[in-house]
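Biologist: I'd like to learn how to read a model like this one. Could you walk me through it, feature by feature?

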Amino acid sequence: MGSMSIWHWVIVGAIVLILFGRGRISEVMGDFGKGISSFKKGMNEAEKEAEVAKQLSKTTTVEAEPVTTPTDEKTGA
């Protein structure tokens with residue numbers, strides 16, 4: 001009595017098909033697949049943006065110009 005037999009699953013499946021119809025179930029599963037694809041695409045874009053930011057932080061350096069003082073200008077140093 002605790003486990004469900006194959007006949008229980010057949011009846012449950014028939015009820016689900018009657019309630020939702022064949023087209024509705026495939027539509028829901030299609031939307032589910034599109035959602036997963038969109039999520040994966042968003043994750044890939046976030047990783048690419050992080051990689052670009054990491055590369056920019058490595059390559060972008062600020063070089064300081066030497067500061068000249070009035071004494072350096074007089075001596076020519």
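Biologist: Let me start with the surface: which residues make the nonpolar surface patch?

Modeller: Keep in mind that this is a predicted model. The patch is made by Met-4, Ile-6, Trp-7, Trp-9, Val-10, Ile-11, Val-12, Ile-15, Val-16, Leu-19 and Phe-20, and it comes to about 1200 Å².

Biologist: Take one of them, then. Where is the place of Val-10?

Modeller: Val-10 sits in helix α1, which runs over residues 6–59. Its relative accessible area is 44%, so Val-10 is partly exposed. A patch residue needs over 30%, and that is why Val-10, at 44%, can count.

Biologist: And the protein as a whole: what percentage of the residues count as buried?

Modeller: Buried means under 20% relative accessible area. Of the 77 residues here, 0% fall in that class. The accessible surface of the protein is about 7500 Å², with 65% of that belonging to carbon and sulfur atoms.

Biologist: How many helices and strands does the secondary structure come to?

Modeller: Two helices and zero strands.

Biologist: Back to α1. How does the span of α1 compare with that of a straight helix?

Modeller: The idea is to set the end-to-end distance against what a straight helix would give. With 54 residues at 1.5 Å a residue, a straight helix would span 80 Å, yet α1 spans only 63 Å between its end C-alpha atoms.

Biologist: Where is the kink in α1 centred?

Modeller: On Gly-21, and the kink there is about 85 degrees. To see it, follow the helix axis on either side of Gly-21.

Biologist: Now charges. What should I look for in general?

Modeller: Side chains of opposite charge can pair when their charged atoms come close. In this case, a search of the whole structure turns up one salt bridge.

Biologist: Which side chains meet in that salt bridge?

Modeller: Those of Arg-24 and Glu-27, at 3.2 Å from N to O. The cut-off is 4 Å, so the pair qualifies. The contact can also be read as a polar contact of 3.2 Å between the two side chains.

Biologist: Why are Arg-24 and Glu-27 separated by about one helical turn?

Modeller: Because they are three residues apart in helix α1.

Terms used: Residues are numbered from 1 along each chain as its sequence is written. This is a predicted model: local features need pLDDT of at least 70, side-chain atom pairs count only at pLDDT 80 or more; totals for chains, interfaces and linings use all residues. Side-chain values use heavy atoms; hydrogens and water are left out. Helices (H or I, at least four residues) and strands (E, at least two) are DSSP runs, numbered from the N terminus. Buried means under 20% relative accessible area, exposed over 50%, partly exposed in between (1.4 Å probe, protein chains only). Accessible areas come from the Shrake-Rupley method with a 1.4 Å probe; for residues, only the protein chains shown count as cover. Patches are made of residues with over 30% relative accessible area and no salt bridge: like charges are joined within 9 Å, nonpolar side chains (Val, Leu, Ile, Met, Phe, Trp, Tyr) within 5 Å. A polar contact is a pair of N or O atoms within 3.5 Å; within protein, one must be able to donate a hydrogen and the other to accept it, and residues adjacent in sequence count only if both atoms are side-chain atoms. The expected span of a helix is 1.5 Å times one less than its number of residues. The bend at a residue is the angle between axes fitted to the seven residues ending there and the seven starting there.
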